[in-house]
Each structure stands twice: as structure tokens, then as C-alpha cells.
Amino acid sequence: MATNKVSYLNKTFSDFKNNLINYTKTYFPNTYNDFSDTNPGALFIDLASYVGDVASFYADTQIQETFLLYAKEKENLYPLAYGLGYRPKVSYASSVLMDIYQLIPASPIIGGISNPDYNYALVLPENTSLTSTTNAVKFLTTDKVDFTDTNNTEIIYVDGSNFLLKKQVTAISAEIKSTIINFSSPQKFQLATITDSNILQILDATDTQGNKWYEVPYLAQSSVLNTIANPNASSDGVPYLVNYQRVPRRYVSRFLSDGTLQLEFGAGLSNSSDNIILPNPDNLRLGLIPGLSNILNNYNKATPFFTQEYGLAPSSDITIRYLVGGGILSNVPSNTIVKIDTTNAYFPSGVSGNPADTIKASIACSNSEPATGGRSGDETEEIRNNALYAYQSQLRAVTREDYMVRALSLPSEYGSISKVYVTQDVASTPLATPTVAYTEENNPLSLDMYILAYTSDKKLVTATTTLKQNLATYINQYRMVTDAINIKDAFYINIGINFDITTKSGFNNNDVITNCIVTLKSFFNIDNWTINQPIIVSDILSTLLAVNGVQSVTKIEVINKQENTGTTYSKYAYDIPGATRQGNIYPSIDPSIFEVRYPDIDIQGRVVPFTI
């Protein structure tokens, strides 16, 4: 008996049709032999070919949509991205540097000098609402604005008996909304959905008993970074201490392809604490059939059937506060964010009545630059490429640059890192060097991270021990298991610049010198300098020659500024001539950075006569 020959390689309509015709001619030569388009039998061949083509298309598409590299539908890309560790965004908020103003009365005149009366200094809490006149876009301040803190406060002018003060704060295009999720009874892995437009993130979640619920990347993560008020904040310059806190009440959130935000809660239904269950070896086989052992369950401390390691299941209503905003319309022009909500502004001194009410009404805001960065959420290719990167890094710091970025990303409440330099540790035993904070002891694969911090007026300073400990705790969660990070102090070298120029005919000497000094201030702005960056004297020369009116530069002298009575320069002296090679001034072997600490007095210039 003949065996039917069927091809399984058909993909298109033509493939199926030709194969069906050949099959019919081979096995039914006498039954059917009219294959013209006018024959009704051709209709059934076409219909079968159509069905085969469609089925083949959907089979190929379904296979394609299971691979991140080839998936095209966002409904598939979102879960694939989450599975690889990337969280897609449905909206990006714009940001802007805001100027906040306040009138403040003058204090009683003492010795002929009048100063602001800081009893009437206001504090605006973070998340103060601002509104733009363009499209009524809402903005929120990201930090507290404290006029009682005289650092980084600018006195604009004195008008009669009042001063006008100005502070700056960053704001993002967002507004706070809230919703209540109802839970009648605890159930494992309950899901809830927040339906809104342009959701940015969740601010907080609190149940009816006042318990706080914590967002985690995945439910098996039982600890989060916890902030504790630092009792030595004034001396350390670090508002909070950081440590790890175990959180049984936790949840994860995931954006769906339609822009809604889905929340998933834990599975723990037991009233017993994990701290009681886990350390007890008798509970390792909790829930198993007596006499039987399961090594996988014994070792899997995240198994929800035996402990609460996936977190508790909620049993009461939870109030969720979240941010919405962003998008392309949030990129508003300059001088349009002029409305400020002063409802929550307060006087720390407790003053009230007049003139306090008048002072509070004087608060104003403006943005000298446009808000930028707002746009719609991730496109298909962005999700694909970001997910591939997330899978490779697994949120771990792999390269030296990764560690530098992580250090500079330290949340501001834990302290602020201004400069970072990472290099391979040359010591065989890291603790033999003057290490202050570390993540792993005696690791031959250790790295040295040299850091500096800023003072309140943006001058370089050695990081405090508290700041280093916070950084060590923070960066430990991103560290490769084989790496050890030794956090050390970098050095800052204070310098001054003296220069002589000749000017072109017809230019005012004072104007040219002023412009030169302003240009060098910008050149030596500390934001433009990194640890171990040399000073290229020819770059200084080119910068001065580019100033309008400069004919020639006859002298450029870089001098060392060292601490002495009444100054706050670095205590370390540096041999500038000895460090100069071929017109370039190099930092020391120990990681260090050059700083013009007081540009107004450390940059000096002269106009000298032109000589032949």
C-alpha cells in the first residue's frame, strides 16, 4: 500500500495550493483532473490553502512573540521585559530648576547694619505644588525649601524695611493622586489595578490600621533600605542613616501595555512572624507530609506555603498615593511656572498674624529656563534594548564606570557624593590600607573607590564617616558577589590662577579683564573637573585668547593655595612646578582633583603693556 507523501514545509498560500494540486494529481489522478480556476473544485483547494496560510502565519507569529529580539506587540514585550529585569515606563516627567522668592522683614539695626529677620523665614515642604500658565501643567518640588537655612540663599535686593530672598529647587511635572484598594479578606497573591493616564510611580501605600506597605522589585525580596534620622546631621552633612529593614508588608507593581498599573501583594496568611519561623530548623519542613523530606523546600526560604517570605496578604483596605504627569506637553517654556501653592508653607519660629500673613502671601516662583525631558513612554525598540541591557547587568555594577554611576546616584537623604574615582586595589589585603568603609574584607578582587563630598556652598570636602557608611550600605546591593569595595578619601588640591594679557586697541581694559575672569570661572567650574584630571595649560591659553579684546597672553601662572589662619583651603600642599610636564600640570599619584575654591579671589588678571 502506498504511503501518502505530505509536505510540512508549506508556509504561504502558493505553497499550500501547489502542494494540494500535486497531491491530488498523484493520488487521485482519475477522480479529479480539472484544475482550472473555473472548476468548483478549485474553490475548495483555495479555501484549504487560505486556512493553511493563516494558520501558518499565526503559528509563526506566536513563536516570534515569545522571543524578546523579535516580539513586536507591547502586550508581549512588557512581560518579557519584566522577566529580564527591566521596568518599562509609560511616561517621562520633565524637570526644571525653579526660583522660589520670599519677602522677609529686616531685623533691628545693630551697629548700623540691617539683616533679614529669620524669625519670618518660611519652609516649603517637598512636593509643594506649582502650576504653569501653559496648559495648566502641574509641577512638584523634589526637596524642601528652607529659607531659615542661609546657605545657598541669595539676597536679591533690600527695599525699605524688607529683603527679597531667593532659593532654587528642582521640580518635576507631576501631581499627586490617590485611590483606595478594597480587600475584604486575605488571599494569596491578590491583584489590584490602578487605571489612570501617565502614571509615574507610587509614592506610598497605607492600610486602615496605619501600617505602611513597601514596594519591592520582586516579592521574594524581604528587605528594603530604611532611613533613620541622623542625630549628628548638622556635623555630618547627612540627614539620614541607612540600613536594611525587613518588611513583611510588601508588594510589586507592573505597568501593563495599556498604561494601567497592576499591583500584586504577598501570599502569607500566617499570624506568626518570619523571624520566628525561619530560624527554627523544626519549621524547615513545615507543611510537608510527616516523615517525608524535600531538599528543595528545605533550602527555598522564599516558599510561600511554609513561611511568609513572599510577604503578607492584605486583609484591609489600602490607600495608594501615586504620581501622574509627564508627557511631551509638560515641556513648558521659561517664565511660565508662576503659580505656587502656599497652603503647607509654615514658619518654624511659630510666628503668626501680621506681618507673618503678609510675608506668607509674598511667596512667588518662576522658572528662568524651560522645563525639559518630558515625553511619552518607552517605544517598542526602547523596551527591547533596555531589557537586553538589564538582563546582562542584572542591576549589578560590573565595570568601574558602573560603580561610579551608582555612587553618584546615592539618594540625597543619605548624603551627597560630589566626585568619585574607582581603581583596582593595589594592596593584597585591603584592610591594611587606611580604609574607612568597606563591603567585603580581605578580598584580592577588591576595588578602591575614592570619593569627595560638597559643603553647603559647593566646596570640595572630605566625606564624613557617616556618609561613607551610608554609601557602603547602599552600594552593597549592587555589588558583584566577587567584588569588594574599599571606600577611601580622595584629595583636593586648591589652586589659584594669575595671568597677564595685552588688549587690542579700542577695548576697555577693565571690561576685557572682567570678561577673562568670568570665562576662567566657567572653565574651572568644579562641575567640569574630575579626579585625576590634569590641567592643560594650553587650554587655558586658548580660552583666554577667545575672549573678545584679548591681543595676547603673556603669562599664565598656576599657584598652590594651602590652608592657613582664617582660610578653609586644603591642608595639603602641592608642588605645582614639580608636577608640570610639557606644559601640563598633573595631579598626584594618590587620586586627587584640582579646585579653584574661591574664584572671586583665586583668579587674578592684569593688563600689561605690549612689548616687542
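In what order do the 7 strands of the open sheet with mixed pairing stand? The order is β9-β17-β11-β12-β15-β16-β10; strands, like helices, are DSSP runs numbered from the N terminus (E, at least two residues, for strands; H or I, at least four, for helices). The model is predicted, so that local features need pLDDT of at least 70 and side-chain atom pairs count only at pLDDT 80 or more, while totals for chains, interfaces and linings use all residues. Residues are numbered from 1 along each chain as its sequence is written, and side-chain values use heavy atoms, with hydrogens and water left out.

The edges of this sheet are formed by β9 (175–181) and β10 (191–194), each of which pairs on one side only. From one strand to the next, the twist averages 30°. Within the sheet, β11 (residues 199–207) and β12 (residues 212–215) are antiparallel and share 2 bridges; two strands pair if DSSP finds at least two bridges between them. T206 lies opposite K212 of β12.

A second open sheet has 3 strands in the order β27-β30-β29, with antiparallel pairing. Its edge strands, β27 (535–536) and β29 (580–581), have a single partner strand each, so one side of each is left without a neighbour in the sheet. Strand β29 is joined to β30 (residues 584–585) by 2 bridges, and T580 stands opposite I585 in β30.

Helix α3 (residues 74–83) and helix α8 (residues 380–393) cross at roughly 20°, and their axes come within 10 Å. Axes are lines fitted to C-alpha atoms, for helices over the stretch in contact, and angles run from 0 to 180 degrees between N-to-C directions. The helices α3 and α8 are therefore roughly parallel, a term for angles under 35 degrees. Contact, meaning heavy atoms within 4.5 Å, is made by K74, L77, Y78 and A81 of α3 with T380, I383, R384 and A387 of α8. By class, this contact of α3 with α8 has 5 nonpolar, 1 polar and 2 charged residues. Nonpolar covers Ala, Val, Leu, Ile, Met, Phe, Trp, Tyr, Cys and Pro, charged covers Asp, Glu, Lys and Arg, and polar covers the others, Gly among them.

Helix α9 (residues 400–408) packs against helix α10 (residues 465–476) at an angle of about 120°, with the axes 10 Å apart. The pair α9 and α10 is therefore oblique, the class left once angles under 35, over 145 and from 65 to 115 degrees are set aside. In this pair, Y403, R406 and A407 of α9 meet L471, Y474 and I475 of α10. The contact of α9 with α10 has 5 nonpolar, no polar and 1 charged residues.
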